[in-house]
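Please find below a colleague's note on the structure shown here. The points may be read alongside the sequence and the coordinates.

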Amino acid sequence: MGVYVASIEQGEDGRWTAAAGGLTGTGDGYTDARDALADALFDRDGQEPQIRRDRTEVPIPGREERTPERLMKLVATEVPDHVEKAASSLAEARERDAREGSTSAVTAWCVHTAGIIVIARARPVERRREPSFVPWIKPDPRAGGDPFLACWTPQELDELEQRSKTGSVLRAEDVPRSVLGILEALDTHWRAQAWQEMTRACHGPNLDRAMARWWHVAMVAGTAEQERTFEQAKKRRDKGKLGTPMTDLPSSRALDDLHSDLTDEEGAADRAERNRQQKEGEATRRAREDACLEGAAHAGAVNSPRNPDQDSAPRRLATLGDAIGAVLTSVQATGPLFGLSGLDAATGGLPSGRLTLVAAAPNAGGSLLGLAAARQTALVDGHKVLYAASGPNRADILRRILSAETGGDYSRLKQGRLTAQEEHVAQQLVQAPLLIDDGSDLTAEAIAETAPHVQDLALVVVDRLQAAPSARLPLSGDRLPGASQVLATFARTLHIPVLAIIDSDDPALLGLLDADVLVTLELAEDHSKVQVTVAERDFGAIGSAYLRPDLLHARFLDAGTAPANPGGDEGSARHLGGAVERELAEAALPYTSGAQQGLPASVTHMLAALRTALAHNSPEALAELAPSLAEAAATPPPLPDTTEGKRLAAALQAYGSAAPTGTTGPAAAAVHATVDGGHAAEADEADEADDGDGLVPGDEEDEPEGVVFPALKILKDAVARSKMHPIPVIRTEERDSGPWPLISEDMDGEPRWVHPDVTLTRVPHIKANGKRVRRDQLDVLDSFGEGTLCLIDRNGSYPSACSAVPLTPNKLLHTGSLNAFDKTQAGIYLIDIPKWNRTDMPHPLGRIIERPDEQGRVWVTTPHMKLLEKLVREGHLAAAPTIYDSWTGKANESLFKPFYEATRKARTELVQIGGDPYKAYKTRLSIALRLLWPKRAEQRSPFWRPDWRMSMVAEASVRHWSVAFRAVQDGHKLIALRNVDAAVFWTPRNTPPATYRIGTGFGEVKAKFVQHGQIIPEGDD
């Protein structure tokens, strides 16, 4: 990041000019000019500039002064009339922090108080005017019971009488109190929003409140000062920027200096406090409006301008006999079902004319219940369903239906790889009465307008309502209460059931949505199940059920039942193994995939082999594993005290209990035959991998003097020397919230790919030292032509990645959904999986795509985002992925650069020496990089930054993939891409791909040639 000292001045024409580094920027305001200069510097230098003004009229409290004690002393000296208020607000902030267990409120107080001091210093001769504050339990008497004045501040009421119709200042009588009159007085960019809010309110107090609010906007927005502000804000919006530009006041420039000096923690705390105050202010304003409307009603006021003499049809009244008749004739009738017997018994079916809301935390599978109801209604019962998809698109919905109906792995279907059976089922679904609306700008009003035109409509599913606000999704954020009202109204009007899914279980938000029926999902005590509770509004809970998530196949199952195989999918495993084996394989998935750590490597490999045996429908492989599985179940390894660990422990115990009694079917027969025969070839197989992360107590200590390569000390020094004040350790109490639980080993993006026309087999192998291991054997088709297997081994993949890995030195901040990837930021991003059509290369995201959430989205780090952007530019991907959520901070690619330089220099010297010194170098290097994110809680470390570790590994994976891709583009045949440093090509003898440089240095590779049919050597084979 470049730091520039700029002169920023206002010219005689009123425009501002900022100059630094030989470039200038101009604008209508101070901030516009500074931003224009920043853009020019970024375009020239390729990095985000930091701009400081060449003069500071007002000194700001520095970071060391921004503490409660020192700020209170400054307030007492410089703003004595504010001491009492500052002390009171500080006490409130400390009390709030004590309740919430944080320091955010006090930090925000420090920022706010520093701003007050800056303003006082900037305007020493002006007495600051404290804003009037009245605890508005009832409206200001000056409003005179007028609901249109209920939301006016005391200052605005003071000035109302002095208003005159000069310039753009309006008097009260100039804006008619009618919908059309208000719309005519409003600026054009407000009219659409005002019209939508007032028409949605329909009549009564809601309409009065909406009209009063927009009448107020029309009045105050007419002042000359507001007009200037709106004009400046509009220019910034046209440029894609937000907010109102800084003015030319010295106090504004001083505040700008202050906010530029804030740390990330101070900035986040300040934003959070502003949001809290805004919500409190909104609640207070609404209370004032309600009180005024109530007072007006008692005084005989009419809610809205209506003609009392207008004729209206009398409302239809029903007798109790009518109600009894309706109940007796509909006893046997039920609404659409979920197809899950326990849940259907609890709900009694989805009621017609009512809004049912499925509430579940993100990634809990709430959308799958909506899909279950749609599948049951359309595919089983043959009734028409309208599926309004605000989150997933139509392709995602089809893949989930295929996965649930056939039992095929959803992650495989996301890659476009369908078996013959799945293609057959997909063809059968063509005529299914399921209509999907995944168009852009999908609103509740649009759904309500579409539904009446669908004949014989039986169910509407809205997937989904998003709790977090998003500019791209109208069904999100603070627009949800209004959308819920629209959905409930058209459900009653059309007398059809509406099922909506929301990705939140926050009781406050669910109360605002006010659904007729609420279905909530939460994890049960048995962590392999979820408990579903059904409640009716104004009545409470009416039933509950347990379901078993089968997220691999995009569905829920009734608890206690094993997956069925309705489609006869030859690629699935349900012909083989009972419920016990399958539950063990599913419980092991977090560990075999690398998402969780803590199992011995031998157990991890054994459970991975179990999943492979089930997936390939191989009774022989399952029989071969039986003795090892039985031994592991009899003496289970220590398991982490986590949800995943408890589930795996229960699955092992169930397997151990079931194995002696025997099961039926081919799997059981094979198991018993193996045990009786005494063949336990795998039991004594040596394992060469380390348990967990390979760290042991003492690794966190600096290397002693004279060690061959003090890697940890060098890495610590590199971080400490950074001018960006990195935070190497995230506090323990913060690790279970924010971005940290979202980061997993899956984000490395390692390819682990084999060409689809090549067969990989794990075969026994005896090493030179007598150890029995397994190695890969690749069988290549004759159609590949003459050639041999060329093994490419990259040197120092991880330390090489440290040369320019994009990291956030400070904490990651929640930046939510983004319109586009910003190269000046780094962090983690929630995106949809881009479609990759090539079969000669693995997906650019590697194994990341194997673990999507229920919306088919994945979390990735910055290196993979940069790779995807590059592939889009080069035309290999159709479009950049949508960023649905993000945690980011300012990017820095040089944090580990000194460490890289030292490791490269040491390798150049030690690789020539070889022997023990070189082995010690590699060991210390590996320990230092693993300490960036130790997996065991008891392992001490000078670091705890999962984002640093996974970004570094992802950078290595991206470089590995990119070089292989260049080789494929040059015409070479890639056979396999393994981990982050190994590739296998089919080439003429002794002819490695020219895209690789042969050598021993970083960025270079070693090449070895293996004859067809031989094993692929690993490690020190």
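1. Basis. This is a predicted model, in which local features need pLDDT of at least 70 and side-chain atom pairs count only at pLDDT 80 or more, whereas totals for chains, interfaces and linings use all residues. Residues are numbered from 1 along each chain as its sequence is written, and side-chain values use heavy atoms, with hydrogens and water left out.

2. Overall make-up. The protein contains 31 helices and 25 strands (DSSP runs numbered from the N terminus: helices are H or I of at least four residues, strands E of at least two). Of its 1021 residues, 47% count as buried (under 20% relative accessible area; exposed is over 50% and partly exposed in between, with a 1.4 Å probe and protein chains only). The accessible surface is about 50000 Å², and carbon and sulfur atoms hold 52% of that area (Shrake-Rupley method, 1.4 Å probe; for residues, only the protein chains shown count as cover). Among contacts with a separation of 6 or more, 69% link residues 24 or more positions apart (contact means heavy atoms within 4.5 Å).

3. Helix H31. With 24 residues, H31 reaches 34 Å from its first C-alpha to its last, close to the 34 Å expected at 1.5 Å a residue (1.5 Å times one less than the number of residues). H31 is mostly covered, as 21 of its 24 residues are buried. Just after H31, Gly971 has a positive phi of about 105°.

4. Packing of H28 on H31. Helix H28 (residues 862-873) packs against H31 (residues 946-969) at about 30°, the axes being 8 Å apart (lines fitted to C-alpha atoms, for helices over the stretch in contact; angles run from 0 to 180 degrees between N-to-C directions). The angle therefore makes the two helices roughly parallel (under 35 degrees). On the H28 side, Pro863, His864, Leu867 and Leu871 take part, and their partners in H31 include Trp961 and Phe965.

5. Arg121. This residue lies in helix H4 (residues 104-122) and is partly exposed, at 24% relative accessible area. Beyond its neighbours within four places in sequence, Arg121 contacts Val58, Pro59, Ile60, Pro61, Leu74 and Glu78. Val79 is 42 residues away in sequence, with a C-alpha to C-alpha distance of 9.1 Å to Arg121.

6. Ser403. Helix H15 (residues 394-406) holds Ser403, which counts as buried at 0% relative accessibility. Outside four places in sequence, the contacts of Ser403 include Tyr410, Leu552 and His553.

Notes: Parallel < 35°, antiparallel > 145°, perpendicular 65-115°, else oblique.
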